[in-house]
Every structure is written in structure tokens, then in C-alpha cells.
Amino acid sequence: KMSRIGKLPINIPDNVDVNYTDSEITVKGKFGTLQMEIPNVIILTQNQGQLKVGLTEEKKDVKALHGLYRTLINNMILGVSKQFDLTLILKGVGYRAAV
């Protein structure tokens, strides 16, 4: 079985540039550049604004990396395209908050 997370395609926004080789991926965007080494068992394919993560072999330890690297690459793309924000919701009576 393939990873359910790993099978999902990664959407690449228009303002993000993704370059990859067999052993490295570089993501450039509005908020910076991120770079990461990827193992040789991970295959990346890009078409029509989407990036897919695949595997070269179907071993148990290799399958464990499938969803992990898909999520890491997705987080890299989100990190360079959207700025970090934190939302705090206070419910109740008697809370004080200052920014």
C-alpha cells in the first residue's frame, strides 16, 4: 500500500519556483529560499502547477519516507509563499490580552 498522504499532489502557487535534482530540492518564493536534500528513493515529477512524490522501490522503510517527504516539501512551499501568522482565540470572562 502507498501512503495516503504521499499520494496527494502538491499544488505549487504561481509565485513559487521549484527546482529539483536527484538529491536536492530548492524552493524560492516571496519570503525566501529553502533547500533540502532528498534520498535517492524519492522521485519528484512536476506538471501543470503540481508536484508529485513517488518511490523507486516498495520496501517498508522506503514507504515510511513517502508521506514524510511529501509533507516536508509541501511545508517548504507554504513557508516561502505565505507569511507565518498566529491566531489566538480567547473565550470566557476575565481574560486580558495585549499585542
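These legends describe close-up views of a predicted model.

View 1. Strand 2 covers residues 17-20 and strand 3 covers residues 24-29. The two strands run antiparallel and are joined by four bridges. One of the pairs to look for is Y20 with its bridge partner I25 in strand 3. Three residues lie between strand 2 and strand 3, and the two strands form a hairpin.

**View 2. The hairpin of strand 3 and strand 4.** Strand 3 also pairs with strand 4, residues 32-37, through six bridges in the antiparallel sense. Here the hairpin has two residues between its strands. G29 has G32 in strand 4 as its bridge partner. Further along the pairing, T26 stands opposite Q35 of strand 4.

**View 3. L34 in strand 4.** The residue shown belongs to strand 4. L34 counts as partly exposed because its relative accessibility is 36%, a value between the limits of 20% and 50%. The view also takes in G6, which is 28 residues from L34 along the chain. The C-alpha atoms of L34 and G6 are separated by 20 Å.

View 4. Three strands form an open sheet in the order 1-6-5, and their pairing is antiparallel. Strand 1 (10-11) and strand 5 stand at the edges with a single partner strand each, so one side of each has no neighbour in the sheet. Two bridges join strand 1 to strand 6, again in the antiparallel sense. Within this pairing, I10 stands opposite L51 of strand 6.

**View 5. I10 in strand 1.** I10 has its place in strand 1. Its relative accessibility is 0%, so I10 counts as buried. R70 is included in the view: I10 and R70 are 60 residues apart in sequence, while their C-alpha atoms are 7.7 Å apart in space.

**View 6. R70, a buried arginine of helix 2.** R70 lies in helix 2, which spans residues 60-81. The residue is buried and has no salt bridge. What is the nearest side chain of opposite charge to R70, and how far away is it? That side chain is E58, at 15 Å. The R70 side chain does reach the backbone oxygen of I5, at 3.4 Å.

**View 7. S81 in helix 2.** S81 also lies in helix 2. Is S81 buried or exposed? With a relative accessibility of 13%, S81 counts as buried. Its side chain reaches the backbone oxygen of I77 at 2.9 Å.

**View 8. The salt bridge of E57 and K59.** The structure holds one salt bridge. E57 and K59 form a salt bridge in which the closest N and O atoms are 3.6 Å apart. E57 counts as partly exposed, because its relative accessibility is 31%.

**View 9. Q48 in the loop between strand 5 and strand 6.** Strand 5 covers residues 42-47 and strand 6 covers residues 50-55, and Q48 is found in the loop between them. What is the phi of Q48? The angle is near 55 degrees, a positive value in a residue other than glycine. Q48 has a relative accessible area of 82% and is therefore exposed.

**View 10. A nonpolar surface patch.** L88, L90 and Y95 form a nonpolar patch on the surface. Together the three residues have about 370 Å² of accessible area. L88 is found in the segment after helix 2. At a relative accessibility of 68%, L88 counts as exposed, because the limit for that class is over 50%.

Notes
Residues are numbered from 1 along each chain as its sequence is written. This is a predicted model: local features need pLDDT of at least 70, side-chain atom pairs count only at pLDDT 80 or more; totals for chains, interfaces and linings use all residues. Side-chain values use heavy atoms; hydrogens and water are left out. Two strands pair if DSSP finds at least two bridges between them. Patches are made of residues with over 30% relative accessible area and no salt bridge: like charges are joined within 9 Å, nonpolar side chains (Val, Leu, Ile, Met, Phe, Trp, Tyr) within 5 Å. Accessible areas come from the Shrake-Rupley method with a 1.4 Å probe; for residues, only the protein chains shown count as cover. A salt bridge is a side-chain nitrogen of Lys or Arg within 4 Å of a carboxyl oxygen of Asp or Glu. Buried means under 20% relative accessible area, exposed over 50%, partly exposed in between (1.4 Å probe, protein chains only). Lys and Arg count as positive and Asp and Glu as negative; His and the chain ends are not counted. A polar contact is a pair of N or O atoms within 3.5 Å; within protein, one must be able to donate a hydrogen and the other to accept it, and residues adjacent in sequence count only if both atoms are side-chain atoms.
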